[in-house]
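Please open the structure in your viewer and keep the sequence beside it, so that each stop on this tour can be selected in turn. At every stop you will be told what to select and what is to be found there.

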Amino acid sequence: MTKTANRRRWLTGAGVSLGSLWLAACDRLTASPAYMKTLASAEGLTRRAQRLVTDRKALAREFKPADLSPWFKPNGTIRPADPEYVALLAENFANWRLEIGGLVERPLSLSLAELRAQPSRTQITRHDCVEGWSAIGKWKGARLGPLLDRAGLKENARYVVFHCADRLGAGEGPEGGKYYESIDLIDAYHPQTILAYEMNDATLPVAHGAPVRLRVERQLGYKQAKYIMRIEVVDRFDQIGRGNGGFWPDRGYEWYAGI
Ligand SMILES: Nc1nc2c(c(=O)[nH]1)N[C@H]1C(S)=C(S)[C@@H](COP(=O)(O)O)O[C@H]1N2
Ligand SMILES: [Mo]
């Protein structure tokens, strides 16, 4: 046998046993010899990666109006004291504008009326807070994906950062305690990811994030940024806040809080 043939046989053997291990762990149902061969190939790798991505694209469960929680607990900041926000609220957000900038071709600045005119989605979903409580609410908002397309992502765009109006925690310095969050492009383009301006068929209340808050339904409560002032598309977030991609991630929570 030539050297090359030996090596090929060794490679195939290794590939199949790796494939088997993976199948044993993850997916017994598809355990057919043909599938295992595919797994041992480059195409198999792509297919496995594709499956991971497909999972991330699955919809969060949606509920019926009868399932709505009679009480949806407002949490974290419930009325920002920050002067900029207080002034905007006093004018009922007539002068609020949502900036979408960073790694985009055409930065946007949208009024609330303009945001309401964007492609929207309405959904009844369950909000799960790490503190251990859940509530079902109805949300209507502009889909983030089409907005990002309008702005045009630059090639190196990787994350979308939501800068909020409020500051949490005393004594954290001027920018230190500012609430912010970030998501990757898979979540940004997820059909249930919206900039919500309505809750339970009414204008979004201040306690729940007026004028606009994020709903990213495959993740925990702290990712659902309220009081959004500015959206920034970035390729890294090590220079924002303390560098972990969000207010709570900066304080030890997972950046990816998938549910
Ligand atoms: N800007 C901002 N967004 C925030 C928070 C906050 O304190 N400030 N708290 C987070 C947490 S921990 C939760 S559980 C939800 C609460 O949303 P709700 O007030 O609508 O229940 O908002 C999240 N988004
Ligand atoms: Mo939370």
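Begin by selecting Asp128, which is found in strand β3; helices (H or I, at least four residues) and strands (E, at least two) are DSSP runs, numbered from the N terminus. Before going further, note that this is a predicted model, in which local features need pLDDT of at least 70 and side-chain atom pairs count only at pLDDT 80 or more, while totals for chains, interfaces and linings use all residues. Residues are numbered from 1 along each chain as its sequence is written, chains are lettered from A and ligands numbered from 1 in the order in which they are written, and side-chain values use heavy atoms, with hydrogens and water left out.

Is Asp128 buried or exposed? Asp128 counts as buried, at 12% relative accessibility, where buried means under 20% relative accessible area, exposed over 50%, and partly exposed in between (1.4 Å probe, protein chains only). Show the side chains here, and you will find that the side chain of Asp128 makes a polar contact with that of Arg126, at 2.9 Å. A polar contact is a pair of N or O atoms within 3.5 Å; within protein, one must be able to donate a hydrogen and the other to accept it, and residues adjacent in sequence count only if both atoms are side-chain atoms.

Next, select residues 120-128 and 134-143, which are strands β3 and β4; they run antiparallel and are joined by nine bridges, and two strands pair if DSSP finds at least two bridges between them. Opposite Asp128 stands Ser134, in β4. Five residues lie between the two strands of this hairpin, and Gly132 takes a positive phi near 105°.

**Second stop: helix α6**

Now select residues 144-151, helix α6, where Leu144, Gly145, Leu147, Leu148 and Ala151 are buried. Seen down the axis of α6, these buried residues fall within an arc of 165°, so they line one face of the helix; the arc is that of the directions from the helix axis to the C-beta atoms. Just after α6 comes Gly152, which takes a positive phi of about 75°.

Select residues 159-167 for strand β5, which is mostly covered, since eight of its nine residues are buried. Which strands pair with β5? One is β6 (residues 178-184), which pairs with β5 in the antiparallel sense over six bridges, and here Phe162 stands opposite Glu181. Another is β10 (residues 228-234), also antiparallel to β5 and also paired with it over six bridges, with His163 standing opposite Arg230.

Turn to the atoms themselves: a backbone N or O atom of Asn75 lies 2.8 Å from an oxygen atom of ligand 1, and a polar backbone atom of Thr77 is 2.9 Å from an oxygen atom of the ligand. A polar side-chain atom of Asp166 lies 2.7 Å from a nitrogen atom of ligand 1. Taken alone, ligand 1 exposes 530 Å², and the protein buries 98% of that; these areas come from the Shrake-Rupley method with a 1.4 Å probe, and for residues only the protein chains shown count as cover.

Select Arg215 in strand β9 (residues 213-215), which is buried, with a relative accessible area of 1%. Arg215 and Trp139 are 76 residues apart in sequence and 8.0 Å apart in space, C-alpha to C-alpha. In the loop between β8 (202-203) and β9, find Pro211; the peptide bond from Ala210 to Pro211 is cis, with omega near 5°.

Finally, go to the loop between α4 (83-90) and β1 and select Asn92, which has a positive phi near 55° and counts as exposed at 60% relative accessibility. Phe93, found in the loop between α4 and β1, has a positive phi near 65° but is buried, with a relative accessible area of 6%.
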